[in-house]
Amino acid sequence: MSTMNITNEIIAAFIDDLYYNENEQLQELRDFAETNHVPIILKDTEGLLATIMKLKRPEQVLEIGTAIGYSASFFVDCCGCSVTTIESDPDAYESAVNNIEAMGFADKITLLEGDAVDVLKQLQTKETGCFDIVFIDAAKSHYREFWDLSLPLCKEDALIICDNVLMKGMTASDSFDTRGRYKTSIRRMREFIAYINGLDYADTIVLPVGDGVSMSMIHKDEQN
Ligand SMILES: C[S@@+](CC[C@H](N)C(=O)[O-])C[C@H]1O[C@@H](n2cnc3c(N)ncnc32)[C@H](O)[C@@H]1O
């Protein structure tokens, strides 16, 4: 078997047609990202996140992996929340600053440049327990570290959402890693999924949407 999209293409196209983001600037930014192969959230993932945002109505969102600022802007546009977002690539960071400014969301989005592991450690000292939603969408082999460092920053009943957890099917089966190039990241993602699935203080579901999305409801009072 070769690497694949985890969703049936016909069904994904049908679902994508049902969801439309009415913000023209966001549409343009999505078009730019798709044309230039910038990896932003897939459209069906965005549709799912739009519903979650409206249900949860977060005041504060923490995002790990800004890229050019698409999903951070989408979160603000969706529910008026404030977003703190972390990006390690200087060019992507610069683009995000410009895009967020152009979108008129600079007062709602705090952009932090640097490796998320370092930035999250710095945030521990000032932001403890303030985020309603954490969205993890950066280097897949570091998800466990991102999770552990984000947890103290979460509110009591936060939601932690991780994108790309099915890795084009490879998390489910080695057969999708045809050249054996992703062995380490596959192993680490499987360990991560097993880890979050086994936690007493988190209720986790993995959904076959986009490239695989995990959602974990946190109950900090049940944390040992
Ligand atoms: C999939 S993209 C993020 C897309 C963005 N969330 C969106 O949907 O618009 C992943 C981004 O994470 C960044 N990244 C990867 N590892 C990182 C790390 N350790 N710390 C901070 N950012 C990281 C990459 O440079 C890349 O821009």
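Mentor: A disulfide is a pair of cysteine sulfur atoms within 2.5 Å. Keep in mind that this model is predicted.

Trainee: How many disulfides does a search of the whole structure find?

Mentor: Take Cys 78: the closest cysteine sulfur, in Cys 79, lies 5.4 Å away, so the two are too far apart for a bond. Cys 154 is in no disulfide either, with 9.1 Å to the nearest cysteine sulfur, that of Cys 130. Over the whole structure, the number of disulfides found is zero.

Trainee: Is Cys 154 buried or exposed?

Mentor: Buried means under 20% relative accessible area. Cys 154 has a relative accessibility of 1%, so Cys 154 counts as buried.

Trainee: Which element gives the largest share of the largest nonpolar core?

Mentor: That core has 38 residues, and Leu 120, Ile 136, Trp 147 and Ile 160 touch the most other members. Elements that each supply at least two of its residues include β1 (60-64), α6 (116-124) and β5 (154-163). The largest share, six residues, comes from α8.

Trainee: Which residues does Trp 147 touch, leaving out those up to four places away in sequence?

Mentor: Among them are Ile 136 and Ile 160, which are also listed with Trp 147 as touching the most other core members.

Trainee: How many residues are in the second, separate core?

Mentor: Cys 78, at 18% relative accessibility, counts as buried. The second core includes Cys 78 along with Val 76, Ile 161 and Val 209, and its size is 34 residues.

Note on methods
Residues numbered from 1 in each chain as written. Predicted model: local features only at pLDDT ≥ 70, side-chain atom pairs only at ≥ 80, totals over all residues. Heavy atoms only, no water. Buried < 20%, exposed > 50% of the residue type's maximum accessible area, 1.4 Å probe, protein only. Core = buried A, V, L, I, M, F, W, Y, C linked by side-chain atoms within 4.5 Å. Helix = DSSP H or I, 4+ residues; strand = E, 2+ residues; numbered from the N terminus. Contact = heavy atoms within 4.5 Å.
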